[in-house]
Amino acid sequence: MRGLSFLVLAVVAAGAAPAHATLRITRDHGGYVEEYKAKYERIRAKGERVVIDGVCNSACTLVFGIVPNSKICVTPRASIGLHEAYYDKSFTFGIKVTSVEGTSELMSYYPQPVKDWIRRNGGLTTTMKKIKNGPDLWKIADPCPEDF
């Protein structure tokens, strides 16, 4: 009976271990930088993985500067899009106005492989610059294992 109690406790303890969730990005076109920073900082603190399995544009790309590279992977469907930061259009009468400070902040978060790609491709501009799955993206994040 004592052995059975130990076995039950071991199974319960194993089930109580913290699970490391995975954020799967499939169609994220970005948004407010502060919201993405907070989201990715929570993911980093919890030790969660991020699988980029589709579009990750604009503020979504902050993932590369906040979540450890060892916790990020890309699937064959992955792509990222980079551009200059903009002020909230509600403050600019609906006009898209670039933010030098916001763009500088974005760049400060990006790891060197992202900065290198941006430099090689003419810097950040108002036009979205895409990196599709392949060698350029694999310099930034590893391909996911087959089971993702």
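Select Asp28 first: in this predicted model, Asp28 counts as buried, with a relative accessibility of 13%. The cut-off for that word is a relative accessible area under 20%, so Asp28 qualifies.

Lys39 forms a salt bridge with Asp28, and the closest N and O atoms are 3.9 Å apart. Asp28 belongs to strand 1 (residues 22–28) and Lys39 to helix 2 (residues 33–46), so that the pair links distant parts of the chain, 11 residues apart. Is Lys39 buried or partly exposed? Its relative accessible area is 25%, and Lys39 is therefore partly exposed. As a general point, side chains of opposite charge can pair when their charged atoms come close.

**Along helix 2**

Stay in helix 2 and display the side chains of Glu34 and Lys37. They meet in a salt bridge, with 3.0 Å from N to O. Why are they separated by about one helical turn? The reason is that Glu34 and Lys37 are 3 residues apart in helix 2. Lys37 is buried, at a relative accessible area of 10%.

Because Lys37 lies in helix 2 and Glu105 in helix 4 (residues 100–109), the pair ties together parts that are 68 residues apart in sequence. Glu105 is partly exposed, with a relative accessible area of 27%.

Next, select Arg24, Asp53 and Arg77. Salt bridges that share partners join Arg24, Asp53 and Arg77 into one network. How many salt bridges does a search of the whole structure find? The search finds 6.

Move to strand 4 (79–82) and show its side chains. Both faces of strand 4 are covered: Ser79 and Gly81 are buried on one side, and Ile80 and Leu82 are buried on the other.

Bring strand 2 (49–57) into view. Strand 2 and strand 4 pair in the parallel sense over 3 bridges. To inspect this pairing, select Asn57, which stands opposite Gly81 in strand 4.

Then select strand 5 (residues 129–132), which runs antiparallel to strand 4 and is joined to strand 4 by 4 bridges. Here the bridge partner of Ser79 is Lys132 in strand 5.

**The nonpolar core**

Select Tyr40, Ile52, Phe64 and Leu82 together. Of the 30 residues in the largest nonpolar core, these four touch the most other members. Which elements each supply at least two residues of this core? Among them are helix 2, strand 2, helix 3 (63–66), strand 3 (72–74), strand 4 and helix 5 (112–120). In soluble globular proteins, nonpolar side chains tend to be buried together.

Centre the view on Leu82. Leaving aside its neighbours within four places in sequence, Leu82 is in contact with residues including Thr61, Tyr110, Val114, Trp117, Ile118 and Ile131.

**The whole chain**

Finally, select the whole protein and colour the chain by secondary structure. The protein has 6 helices and 6 strands, and along the sequence they follow the pattern α-β-α-β-α-β-β-α-α-β-α-β. Of its 148 residues, 36% count as buried. Among contacts with a separation of 6 or more, 65% involve residues 24 or more positions apart. With the surface displayed, the accessible surface comes to about 9,000 Å², and 59% of that surface belongs to carbon and sulfur atoms.

Technical notes
Residues are numbered from 1 along each chain as its sequence is written. This is a predicted model: local features need pLDDT of at least 70, side-chain atom pairs count only at pLDDT 80 or more; totals for chains, interfaces and linings use all residues. Side-chain values use heavy atoms; hydrogens and water are left out. A salt bridge is a side-chain nitrogen of Lys or Arg within 4 Å of a carboxyl oxygen of Asp or Glu. Buried means under 20% relative accessible area, exposed over 50%, partly exposed in between (1.4 Å probe, protein chains only). A nonpolar core is a set of buried Ala, Val, Leu, Ile, Met, Phe, Trp, Tyr and Cys residues joined through side-chain atoms within 4.5 Å. Contact means heavy atoms within 4.5 Å. Accessible areas come from the Shrake-Rupley method with a 1.4 Å probe; for residues, only the protein chains shown count as cover. Two strands pair if DSSP finds at least two bridges between them.
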